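Subject: Structure handover

Hello,

Here is the structure I promised you. Please open it next to this email and follow along.

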Amino acid sequence: QLQLVESGGGLVQPGGSLRLSCKASGFTFDYYAIGWFRQAPGKEREGVSYISSRGGSTNYADSVKGRFTISRDNHKNTVYLQMNSLKPEDTGVYYCAAGRYNSLQLNVYNYWGQGTQVTVSS
């Protein structure tokens, strides 16, 4: 069973921080790039960040650059998204996904988690 499970979401005030985790099982984790995506209510799902299979390459959407940091620990089969200086517009369901290419495009990812809710509000 190929699974990705996100955790770490919650309610945080503007300017606060959260760290999301994506735990993988059932596949060779270190062969895959991992992307983080988010979807606000009524909006399209958008790419937030990705990290290459060994962590040597990362990229971020302009909207989160300088505030979010993606990392991975392949020994733990886990990818993290550290989110700092959070804004209300960061609110949404955050998903991690695994694919064979480094991309912020949804279509290249094969395996998806169930999502974790992030709400940034005062």
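Below is what turned up, topic by topic.

One caution before the details: this is a predicted model.

**The disulfide**

How many disulfides does the structure hold? There is one. C22 and C96 form it, with their sulfur atoms 2.0 Å apart. C22 sits in strand β3 and C96 in strand β9, so the bond ties together parts that are 74 residues apart in sequence. Are these cysteines buried or exposed? C22 has a relative accessible area of 0%, so C22 is buried. C96 is also at 0%, and it counts as buried. Now look along the S-S bond. The torsion there is about 70°, so the disulfide is right-handed.

**The core**

Next, find the largest nonpolar core. It has 27 residues. Those with the most contacts inside it are W36, F68, V79, L81, M83 and Y94. Several strands give two or more residues to this core: β3 (18–25), β4 (33–39), β5 (46–51), β7, β8 (78–83), β9 (92–99) and β11 (116–120). Which of them gives the largest share? That is β3, with four residues.

**R72**

Now turn to strand β7, which covers residues 68–73. R72 is found there. This arginine is buried, yet it has no salt bridge. What is the nearest side chain of opposite charge, and how far away is it? It is D30, at 6.9 Å.

R72 does have polar partners. Its side chain reaches the backbone oxygen of Y32 at 2.8 Å. A polar contact of 2.6 Å also joins the side chains of R72 and N74. Leaving out residues up to four places away in sequence, R72 touches a list of others, including F29, D30, A33, I34, I51, G55, T78 and V79. V79 is also among the core residues with the most contacts.

**K65**

Last, look at the loop between β6 (58–60) and β7, where K65 is found. Is K65 buried or partly exposed? Its relative accessible area is 48%, so K65 is partly exposed. The K65 side chain makes a polar contact with the side chain of D62, at 3.4 Å. K65 and S49 are 16 residues apart along the chain, and their C-alpha atoms are separated by 9.0 Å.

Best wishes

Conventions. Residues are numbered from 1 along each chain as its sequence is written. This is a predicted model: local features need pLDDT of at least 70, side-chain atom pairs count only at pLDDT 80 or more; totals for chains, interfaces and linings use all residues. Side-chain values use heavy atoms; hydrogens and water are left out. Buried means under 20% relative accessible area, exposed over 50%, partly exposed in between (1.4 Å probe, protein chains only). Lys and Arg count as positive and Asp and Glu as negative; His and the chain ends are not counted. A salt bridge is a side-chain nitrogen of Lys or Arg within 4 Å of a carboxyl oxygen of Asp or Glu. A polar contact is a pair of N or O atoms within 3.5 Å; within protein, one must be able to donate a hydrogen and the other to accept it, and residues adjacent in sequence count only if both atoms are side-chain atoms. Contact means heavy atoms within 4.5 Å. A nonpolar core is a set of buried Ala, Val, Leu, Ile, Met, Phe, Trp, Tyr and Cys residues joined through side-chain atoms within 4.5 Å. A disulfide is a pair of cysteine sulfur atoms within 2.5 Å.
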